[in-house]
Amino acid sequence: MLYLLVLTSVVSVSTEDHGSNTLTLTADTFPLAVQGNPHFIMFFAPWCGHCKRLSPTWDDLGKKYNTEKAEIVVGKVDCTQHTALCSSQDVTGYPTLKLFTKGIQNGVKYRGPRDLASLERFIAEQLGTEVQDGEHESVPEALTGLVEHTDATFKTMVPNGKHFIKFYAPWCGHCQRLAPTWESLAKSFEHDKSVTIGKLDCTQFRDICHEYEVKGYPTLLWIEDGKKIEKYTGDRSHEDLKKFAVRLLGDDAGVQQKEDLREPQPPVTVLTSENFENAIEQGCTLVKFFAPWCGHCKRMAPTYDELGRKFVGHDQVKIAKVDCTLEVNRSLCSEQNVNGFPTLYLYKNANQIGEYNGDRSLDDMVSFITRHLEHDEL
């Protein structure tokens, strides 16, 4: 009897840890449940640290939405108990959050921030409703130069003049990663009266986004006198975005902007999963996959920077690096078979052609690159 009481207590704590206000679903109850009302489900493992950190927020979400009048049910599935169900839902990491609106084949993965306001915005976007009780996350003070458009400001400002606008959704991961760069771009043009740098939340102003044929997030459009002139599809670095804007401004571009474009570039190009493929597409690219905490990486950094300076301006060689500890880059490092730090791979026209395992001196690394260049020229 004592053993039974202890076991019951342990099970109760485990359930409590992952949300007492959320509905627990099993392989048997899940298919029928999601055929009815929309469900927002957390697929988790009890031992998962990320799941444990999310559970209080998930419980708050359940407390708010799991009411008689709610349009959606917030639930959870323990993947250590229902492995086949989780596998069928393409759960490859924990937690995986999916919102189901029309049965088990129509789940939409949530990839945004895991705070309560962002989760609620995602629910509202998927259901086409407003956030319950009119609660919205407080909007931080706008950075100087960046115009955060509303329906009114867009219709007043955009029909006249030149505008570079980011159409986005708050839950979109790519949008979140671009946000600091976009703010920096706005700061660069804050004193330039010939263009405004702005952004528009498509989850709030759908009609405008539909009018401008926004089909994915983020969409970056150059608009003149209300007409779409060009969609930006290049690399999302501050330098490349600025070059695009200056090119389209033409003679209207300020002298300071043109001078800024001549600033020396950093010797080592920082790559992420978003710009990696474009970066290695042409020529030879040596990429260092590293972790900031890695002692070998730290000791190598000054020499690697010198290597970058050695090839600055070379039209066939790029020296680059990828921080594998950043969440945005983890899948990239895994795909590139990075098993330790630092790992140096040489790419030629998008193909990985060799790993550098030699001495980490400047001369040896230069010889390694030069040797492959000479081989290609034969």
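Colleague: Where does Pro95 lie?
Modeller: The model is a predicted one. Helix α4 covers 83–88 and strand β4 covers 96–100. Pro95 lies in the loop between α4 and β4.

Colleague: What is omega for the peptide bond from Tyr94 to Pro95?
Modeller: The bond from Tyr94 to Pro95 is cis. Its omega is near -10°.

Colleague: Are α7 and α9 oblique or roughly parallel to each other?
Modeller: The axes of α7 (residues 173–188) and α9 (residues 238–249) come within 10 Å and cross at roughly 45°. Angles under 35 degrees would count as roughly parallel. The two helices, α7 and α9, are therefore oblique.

Colleague: Which residues of α9 make the contact with α7?
Modeller: On the α7 side the contact involves Leu178, Thr181, Trp182, Ser184, Leu185 and Ser188. The residues of the contact divide into four nonpolar, four polar and one charged. From α9 come His238, Leu241 and Lys242.

Colleague: Is Asn337 buried or exposed?
Modeller: Asn337 sits in the loop between α13 (327–335) and β14 (343–348), and its phi is positive, near 60°. Its relative accessible area is 53%, and the cut-off for exposed is over 50%. Asn337 is therefore exposed.

Colleague: What is the relative accessibility of Asn349?
Modeller: Asn349 is in the loop between β14 and β15 (351–355), with a positive phi near 50°. Asn349 counts as partly exposed, at 41%.

Notes:
Residues numbered from 1 in each chain as written. Predicted model: local features only at pLDDT ≥ 70, side-chain atom pairs only at ≥ 80, totals over all residues. Heavy atoms only, no water. Axes fitted to C-alpha atoms, helices over the stretch in contact; angles between N-to-C directions. Helix = DSSP H or I, 4+ residues; strand = E, 2+ residues; numbered from the N terminus. Parallel < 35°, antiparallel > 145°, perpendicular 65-115°, else oblique. Contact = heavy atoms within 4.5 Å. Nonpolar A, V, L, I, M, F, W, Y, C, P; charged D, E, K, R; others polar. Buried < 20%, exposed > 50% of the residue type's maximum accessible area, 1.4 Å probe, protein only.
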